[in-house]
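Dear colleague,

Please find below the structure that I am handing over to you. My notes on it follow directly after.

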Number of protein chains: 2
Amino acid sequence: MTSTDPAPLPSEPPTDPLDEAKPDPKAEATAEALAEKLAAGDRRALARGVTLIESTRPDHRRAAAALVRRLHALPRRTLRLGLSGTPGVGKSTFIEAFGLQLAEQGHKLAVLAVDPSSARTGGSILGDKTRMERLSRHPNAFIRPSPSGAALGGVARRTREAILLCEAAGFDLVMVETVGVGQSETMVAEMTDIFLLLMAPAGGDELQGVKRGIMEICDMILVNKADGDLKATAERTRADYASALRLLRGRPQDPNGFPKAAAVSAVSHAGLEAAWTEIAALAEWRRETGVLEARRREQAVAWFRAEVEEALLRRFRRHPAVSELWPRLEKTVASGDTPPQLAAAKALAAFGLGEEER
Amino acid sequence: MTSTDPAPLPSEPPTDPLDEAKPDPKAEATAEALAEKLAAGDRRALARGVTLIESTRPDHRRAAAALVRRLHALPRRTLRLGLSGTPGVGKSTFIEAFGLQLAEQGHKLAVLAVDPSSARTGGSILGDKTRMERLSRHPNAFIRPSPSGAALGGVARRTREAILLCEAAGFDLVMVETVGVGQSETMVAEMTDIFLLLMAPAGGDELQGVKRGIMEICDMILVNKADGDLKATAERTRADYASALRLLRGRPQDPNGFPKAAAVSAVSHAGLEAAWTEIAALAEWRRETGVLEARRREQAVAWFRAEVEEALLRRFRRHPAVSELWPRLEKTVASGDTPPQLAAAKALAAFGLGEEER
């Protein structure tokens, strides 16, 4: 049935339990220096830190891990906002207007973009900074475009770490925005406290176009472009979404009326203050009821699980016997000589995992 | 930093290279009997086979694996169609009308539904069969609703196996349909030869609502409801999508004009024959140029990779030391005492994977 040789015997990688591992002095020194500068609110250190966690170089990865361990569980009171909206909905303009309003009120706002490249084109999202020019120059704001060319899992890890860095640098508001390709909305919702969905004014049919999944994770729908000719349409769209949201069961822990729909205009600034008041009230409620803290705890557990999966697959791929066998297995699967399941069993055997017990 | 004990020492699971593993006589007997009946076109055997691959019982899983190995790489000439469309677009009505047309022409058509439950509601998709009553009673058709309550990965494996079963039972056309929640469209596109997207007639703004990712994986957009009052709107929508598709670079291997947009009506049957002519021509072209075969080869490799990942994670979770340590790690992560990354390193150490070499 197959033309490959028997799988090579498994060779167990050297075991070195983490608890006995020596810390890497260079990584620790880098981490300590950066952590100190972050604590002093040094924005250049923040930018360098984010670059560090985005790097794939092994020494950078060690320093990044040491840094994140240091920043873990800071007692600071922060709010993490998720924001999604398809292209054309005016997301950058909204973030610029909304963000400037918050920065002017004294909040320190960091904006992180999460835009996993489309699977097919590999296209990356262009300079968010240039589209949010005023906000990016504001002393209370920090904008970081999405790292490009990474898989969704890698983007998730780096974004979660970037949030910690921003908070350590004194940013009390971190907004994570995504265009919502594939599962990126879910990913962003899973790393933030409150999730906002920005929509364009549209006819009744458009409602069907909103994925059910995203309606269920969002806390507030903001219908943008509620100005000029589109004002009435935006208001009608808001009412449509409000009805649709009422059909979904609310979360028992939230105050009445959430999830909500509001009409805003990034151009005329109409509704922006009111939207923030609603968001802040929801955040306050969730804080007081302990929901926010409980959610962050769940998110930490989810992060832990994702870390394990990612590391496990990486270690598997790098295992000498696996990496030697892998190209032959792919070839024999591609030629149709070996069924995928059988090839998978061989790869696992090379890693030292025989057939499961019966 | 953490209150957990040191990770327990790794215990290596018994190694039993697959090549030396004895086949399970009972599983082989079940598989042989089913394979014979499938080859004879026995539809009850097909239904039983699909139930078998959906089962999680260990003996069923062994029999299913044995069955799939037998069916692998049948020389039969088949076409696998993917179809996605949001709720309300008229998907069931379309499949019923389109499917009946094909069944009447002598094609044997199997329809498999892929509907990963929404993460939040856990809601399952209701009886497709009842919504495709005439098609489900046609002797040339086989309809199988989506298995419920499974994760995306599990649904993918079972659907890929169900495709093989249907083909073994003599179905030359297999349509895999999905509502398109999360990444299910990508998943379906990755297991089919041609991917169709069913859309509703809508205003120009709606265009923005189509996820860029799905435009890139689809070969043909079918605008449904091109009848009665909506006929003109549907035609306009078709033209809009056609322009949008022209903006995407075509696939160099495809004939001119693809990806295409067409207007159809599941109610009046307008455009259904023409759509099939286009689809069949594209399939023929891809067959003659070898693109279809090459794509199936790539898909087999992707399936192999997915099998490996799924099995690796399952084995990890079932490892005695890991499953013992896991609840404590989740607890200490949830309490904030241990950073997720550190906990992940401990879990890997319990599995026998120490820190990576420097």
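In this predicted model, seven strands of chain B form an open, parallel sheet in the order β3-β2-β4-β1-β5-β6-β7. Strands here are DSSP runs of E with at least two residues, helices are runs of H or I with at least four, and both are numbered from the N terminus; two strands pair if DSSP finds at least two bridges between them. β3 (141-144) and β7 (260-263) of chain B each have a single partner strand, so one side of each is left without a neighbour in the sheet. Between β6 (residues 220-223) and β7 of chain B, which run parallel, there are four bridges; V223(B) has A263(B) as its bridge partner in β7(B).

Helix α1 of chain B covers residues 25-39. Its buried residues (under 20% relative accessible area with a 1.4 Å probe, protein chains only; exposed means over 50%, partly exposed in between) are A27(B), A31(B), L34(B), A35(B) and L38(B). Seen down the axis of α1(B), the buried residues fall within an arc of 105° (taken from the directions from the helix axis to the C-beta atoms), so they line one face of the helix. On the face turned away from that side are the exposed residues P25(B), K26(B) and E36(B). After α1(B) comes G41(B), with a positive phi near 75°.

Residues are numbered from 1 along each chain as its sequence is written, and chains are lettered from A and ligands numbered from 1 in the order in which they are written. Local features need pLDDT of at least 70 and side-chain atom pairs 80 or more, while totals for chains, interfaces and linings use all residues; side-chain values use heavy atoms, without hydrogens and water.

With kind regards

Terms used
The expected span of a helix is 1.5 Å times one less than its number of residues.
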